[in-house]
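Please open the model in your viewer and keep the selection tool at hand.

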Number of protein chains: 2
Amino acid sequence: MDYLAELKEKGAIAKKAAARLAVTPATVKNKALHAMADGLEAGADHILAANAEDMVAGEAKGMSTALLDRLALTKARIADMAAGLRQLAALPDPVGETVEGWQRPNGLAIAKVRVPLGVIGIIYEARPNVTADAAGLCLKSGNAVILRGGSEAINSNLAVAGILAKAAEEAGAPAGSIQLIATTDRAAVNAMLRLNDYIDVIIPRGGAGLIQTVVENSTVPVIETGIGVCHVFVDASADLTMAKDIAFNAKVSRPGVCNAMETLLVHRAVAEDFLPPMLAAYHEAGVEVRGCTGTMCYHPAVKEAGETDWATEYHDLIVSVRIVNSLAEALAHIAAYGTRHSEAIVTSNLESARRFQAEVDAAAVYVNASTRFTDGFEFGFGAEIGISTQKLHARGPMGLRELTSVKYLVNGTGQIR
Amino acid sequence: MDYLAELKEKGAIAKKAAARLAVTPATVKNKALHAMADGLEAGADHILAANAEDMVAGEAKGMSTALLDRLALTKARIADMAAGLRQLAALPDPVGETVEGWQRPNGLAIAKVRVPLGVIGIIYEARPNVTADAAGLCLKSGNAVILRGGSEAINSNLAVAGILAKAAEEAGAPAGSIQLIATTDRAAVNAMLRLNDYIDVIIPRGGAGLIQTVVENSTVPVIETGIGVCHVFVDASADLTMAKDIAFNAKVSRPGVCNAMETLLVHRAVAEDFLPPMLAAYHEAGVEVRGCTGTMCYHPAVKEAGETDWATEYHDLIVSVRIVNSLAEALAHIAAYGTRHSEAIVTSNLESARRFQAEVDAAAVYVNASTRFTDGFEFGFGAEIGISTQKLHARGPMGLRELTSVKYLVNGTGQIR
């Protein structure tokens, strides 16, 4: 079957499944999630065998150690996937929630209730755990899902998705609730992005290149996720111990994620006191520092930052550091180079805190805390499909509610206009 | 100046204005709205002279009477535009509203607050009143706007937008909050749809062709508005007097709008009692009826409906009528031909009402009321920029709140992860 035929067939099946899934009660969806988790554990050997094929192919193709590590599955990683599905089963069902309700003077009763989006297309890269993760989130929120993973992980993804789809259906979920595109032809991605008749929303999960491709080419509405050039600004009035802890944590605790800090901005008034111990701590932790000329005075290992550094998401133990003359200069730097993800100020001045939160245009704006908290679990959503960096529909961490739309139920007694 | 240079220049100005407008207090925005209204009234002669130029050009080009009527401005229409702006000034400011707030176990306080979207691009067709309407809604919701109206109305739009921009700025709104693209080159629309660096959201207002062009070509996120193939289903248990009133109102009260009914579905059990007086009423009101073969038995003037009729938004005094054997058949018809806008059932059976509202996938689902209520004013929003027929971001009538996004303000005391 060619990829277009596969897409249209799976699209039509998904659309039918979505209509039934929208009215499937939480008990059935939760039973399906448990069955999916059990299925992954019971089928671990089958999954690991498929994953071994992908690993052999990846090694033969010369994939980097880091990419191979992301691709590799183990019993422990499969157990984590199962645990994630069971956690989803324990969360409240967002579907059917009445968001607001009111009565009009003419007696019409209007209720705004949460409904699923319909069919969600997920386009992602090497990690096969996304297959289970995304399928679970979509099912719990009442959406049919069409998954399109990277070709490097095709055997792993087929094994995982096959088990999930079978388990969900046997537990009572509509057939076709979970489907994976089997073709690895890259043209299938572009065709999927124009499948407006069948797909309601596309969510890309992956690097900047993938997200750019999706945004450029999709006629289906897209939720853009994940690029984070995040800043921490140490204000003149900052508690410098707190500032050092936050700036260290935001860079070092997990440098490969989107909520990690890439650039540290330091008010000139505290640079002399703050930077020497800060830069020493980075140096000791193996962090490469690229600084403005002012920063270079405070530690011999600091390299000179170029213009591109300010705009780069390193995803690595590298940080750029810039001394600024004022809060206004910090705000201007963030407006110029930030990606509207997460920005933090460390300050003890109320007016600086207020102004920073009012003027910074980002999904999450922190006072005296690490940018690393921009995360569905840390926000208390219990789950996360990604971090939206656009302003339409959802902004910041997206949990189950962000995978829903609304509809208005209007009840009358014969009202006409 | 070529259109690309104009777009980029106006985009950069709008982006700057948006940053300032986001923190402009409601008092200033309301003062600007009043100044804009006063400006329109004071400048009525100037606007009417510009409009006369457009009318002469339109007549010379052979525009239809209906289109010329939409293009024409009068003192009364200008007064309506001014009244609309003053009404906006009286509405609550959506910006700054705390949507939710909570505290995490680690002490982080998280507040989800409403913020403007940023820069909104509005692409619209002949009606010059949209210029004032859209500019007012965007300003009140803290967004800078870039307007791109139809070439037939260019002189009217330039006159109106010029007055609005000047009045708003003089009243304290940031310069560049309201801008109109002056070039009538059609290529400017496509370039505007790819202006991701400057425009946050595009909202098309117009016919199906315009909306299709925007959805197909925009890399900027789009809110799709307005196509409505709406149905009224008369159930077996319907109060037939109520059903007749609703089906008459939904078609006849204003056939040219998107919430008007296009297809009437009638349960076979009541067809013989319901259809003869209903069809007679339509005939008397000059409504052309295109029916299934069953319907044709009940009135001599009924023409046979073709397959395309079920999918057509007539925008006119034409209705298609179909007899169905069951609620399930009505639901299947609506799923196949509806545009997810507004759907109504007339019934006295609780289970039918419940099932219809649960299973119909549309922005507004009515029980015992006319589809004509899907409207920002009728819903009580006080204003409306359009009716969203997509599921992402906003669904149904879009008022001021639907022109906003959110951001998370996170306040800590040194929390790290």
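A residue is called buried when its relative accessible area is under 20%, exposed when that area is over 50%, and partly exposed in between. With this in mind, please turn to the structure, which is a predicted model.

Begin with the aromatic rings: over all chains, the structure holds twelve aromatic pairs. Select Phe379(A) and Tyr408(B), whose rings form an edge-to-face pair, with 5.0 Å from centre to centre and 80 degrees between the planes. This pair crosses between chains: Phe379(A) belongs to the loop between β13 (364–369) and β14 (386–388) of chain A, while Tyr408(B) belongs to strand β16 (residues 404–415) of chain B. Both Phe379(A) and Tyr408(B) are buried.

Next, select Phe381(A) and Trp102(B). Their ring centres are 6.0 Å apart and their planes stand at 45 degrees, so this pair is tilted. Phe381(A) is in the loop between β13 and β14 of chain A and Trp102(B) is in strand β1 (residues 98–103) of chain B, so this pair joins two chains.

Is Trp102(B) buried or partly exposed? Its relative accessible area is 22%, so Trp102(B) is partly exposed. Phe381(A) has a relative accessible area of 19%, which is under 20%, and therefore Phe381(A) is buried.

Now select Trp102(A), Tyr408(A), Phe379(B) and Phe381(B) together; ring pairs link these residues into a cluster.

Finally, move to a charge placed over a ring. Select Arg322(A) and Trp310(A): Arg322(A) lies over the face of Trp310(A), at 5.0 Å from the ring centre. In chain B, select Arg322(B), which lies over the face of Trp310(B) at 5.0 Å from the ring centre.

Conventions:
Residues are numbered from 1 along each chain as its sequence is written. Chains are lettered from A and ligands numbered from 1 in the order in which they are written. This is a predicted model: local features need pLDDT of at least 70, side-chain atom pairs count only at pLDDT 80 or more; totals for chains, interfaces and linings use all residues. Side-chain values use heavy atoms; hydrogens and water are left out. Rings of Phe, Tyr and Trp (its six-membered ring) pair if their centres lie within 6.5 Å; planes under 30 degrees apart count as stacked, over 60 as edge-to-face and the rest as tilted. Helices (H or I, at least four residues) and strands (E, at least two) are DSSP runs, numbered from the N terminus. Buried means under 20% relative accessible area, exposed over 50%, partly exposed in between (1.4 Å probe, protein chains only). A charge sits over a ring if NZ of Lys or CZ of Arg is within 6 Å of the ring centre and within 35 degrees of the ring normal.
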